Amino acid sequence: MVQHELSEIFDHFLRDSSLLMNREVLRPDYVPENLPHRDEQIQRLGWTLAPVLQSVRCSNIFVYGKPGTGKTAVTHFVLGHLIRKSDEVHVPVKACYVNCRLVGTDYRVLSSLCDAVHIRVPFTGLATGEVFDRFKQGLTSHGGILVAVLDEVDILVKYHGDNLLYELTRINETSNVGKVVLIGISNDLNFKDLLDPRVLSSLSEEEIVFKPYTADELYDILLERAHASFVKNGFHDSALRLCAALAATEHGDARRALDLLRAAAEIAERERVNIVTEEYVRKAQRKIEQDRVSEVLNSLPLHQRLVLYSIFLLHRANVNNSLTGDIYEVYSELCGEVSVEPLTQRRVSGLINELDTLGVINAKLVSLGRHGRSKKVRLAITPSVASNQLGGDIHLSSLLNYTPNYLQKIV
DNA sequence: TGTCCACTGGAACGTACGGCTT
DNA sequence: AAGCCGTACGTTCCAGTGGACA
């Protein structure tokens, strides 16, 4: 029965009723031929990088703006053209793109840079200094200019300091080594405060700011992509308007707008409807949020789950704004129930911050005068979703109907 | 106006682990 | 095999703090 349905699904997908004729165009990493409302940034980046085509090192560039404002797309776009041109005029230019959030550490950023100059390094085991030396060697033997894009560089600096950036900016001062042009991309506008002044002045020789898209600009972007990806009459104009409006309220995030449109199309396809309307955008909005939450919850380690579950239990007992101390008491009790050693309060305090960053809870630092300072914490996700997801865990399933003794003391 | 609470959050350090060089 | 490295995750220590309360 199921197998028969499956075959029907595939048949349906393959028939001409499919809504999307080109899905790639709606993917967040797709770089289109035309980037609406970013002419100014493209030109600035182009002019700044142009000297590279004469083998002259150009200014380092610091690009910043909120997520989904086109920073990465514009950079890819311009670099793509630059590399094609350099091939045409036979000037050795290489480009290397590193996402510091995904790559994570100085060592691994350097290892990616080594890749770009054809130096193989082991993924662990070497001293960072050693990897850096090998990178410089590779750069020298390559001879040309390497344009290194460090996307989400703020994350790297936040967790590992600006040491690597400092060393990279210094490479060009050493005469006999090839040249590096750095393009640092940051989502965080306050990122500059974290940098050593020397690094800052070197990195931001040129600065390009990406303002959030307005709803109208997002609409233009969506319209262009929709024409390229949907079949004829596959979408309602009002659906695009809604995607644009929803994304505009979230700091003008084009990625968000495209995600909404793609998810809406996929839901419509699954329901065998041949036009995307506002209704499907709303459905997509709910689905994206649900997917995000379950992905986050499923990836939490045991202790973080126990902390979150403690917050959930406090919520269920109508303690809407639980304090760190309360959470720790309940958490310790739960640890006893599942026979694991509780972590220290300091660590749990850190875990609460991490849950806050993940958007699963809202934590606010409050001062209660005589009663000290603490964090007021409440769930940021639907309690039923939390209990469903966490209850699926082998360790926690036995705790679904558990009432902590601590609650009897405080309620 | 000073005290004092219940933490926060930075920093240093420990441990386990996988994996490199010599 | 020894020695070293980066990474992840945790502990311990402790100075700092906002504001209610005496």
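Helices (H or I, at least four residues) and strands (E, at least two) are DSSP runs, numbered from the N terminus. The model is predicted: local features need pLDDT of at least 70, side-chain atom pairs count only at pLDDT 80 or more, and totals for chains, interfaces and linings use all residues. Residues are numbered from 1 along each chain as its sequence is written, and side-chain values use heavy atoms, with hydrogens and water left out.

**Stop 1: helix α1**

Select residues 2–14, helix α1, and pick out I9 there. I9 is partly exposed, with a relative accessible area of 44%. With I9, they make a nonpolar surface patch of about 290 Å². Patch members have over 30% relative accessible area and no salt bridge; like charges are joined within 9 Å, nonpolar side chains (Val, Leu, Ile, Met, Phe, Trp, Tyr) within 5 Å. Accessible areas come from the Shrake-Rupley method with a 1.4 Å probe, and for residues only the protein chains shown count as cover.

**Stop 2**

Next come the charged pairs. Side chains of opposite charge can pair when their charged atoms come close. A salt bridge here is a side-chain nitrogen of Lys or Arg within 4 Å of a carboxyl oxygen of Asp or Glu. The whole structure holds 19 of them.

Select K158 and D188. Their closest N and O atoms are 3.7 Å apart, in a salt bridge. This pair links distant parts of the chain: K158 sits in helix α7 (residues 153–160), and D188 in the loop between β4 (179–186) and α9 (197–203), 30 residues apart. K158 is partly exposed, at 48% relative accessibility.

**Stop 3: into α13**

Select K283 and E271. Their side chains form a salt bridge at 3.1 Å, N to O. What does this pair tie together? K283 lies in helix α13 (residues 278–298) and E271 in the loop between α12 (254–270) and α13, so the bridge joins parts 12 residues apart in sequence. Both ends are partly exposed: K283 at 23%, E271 at 40%.

**Stop 4: along α13**

Stay in α13 and select K287 and D291. This salt bridge has its closest N and O atoms 2.8 Å apart. The two residues are 4 apart in the helix, so about one helical turn separates them. K287 is partly exposed at 33%, and D291 is partly exposed at 37%.

**Stop 5: a network**

Finish with D216, D237 and R241. Salt bridges that share partners join these residues into one network.

Terms used
Chains are lettered from A and ligands numbered from 1 in the order in which they are written. Buried means under 20% relative accessible area, exposed over 50%, partly exposed in between (1.4 Å probe, protein chains only).
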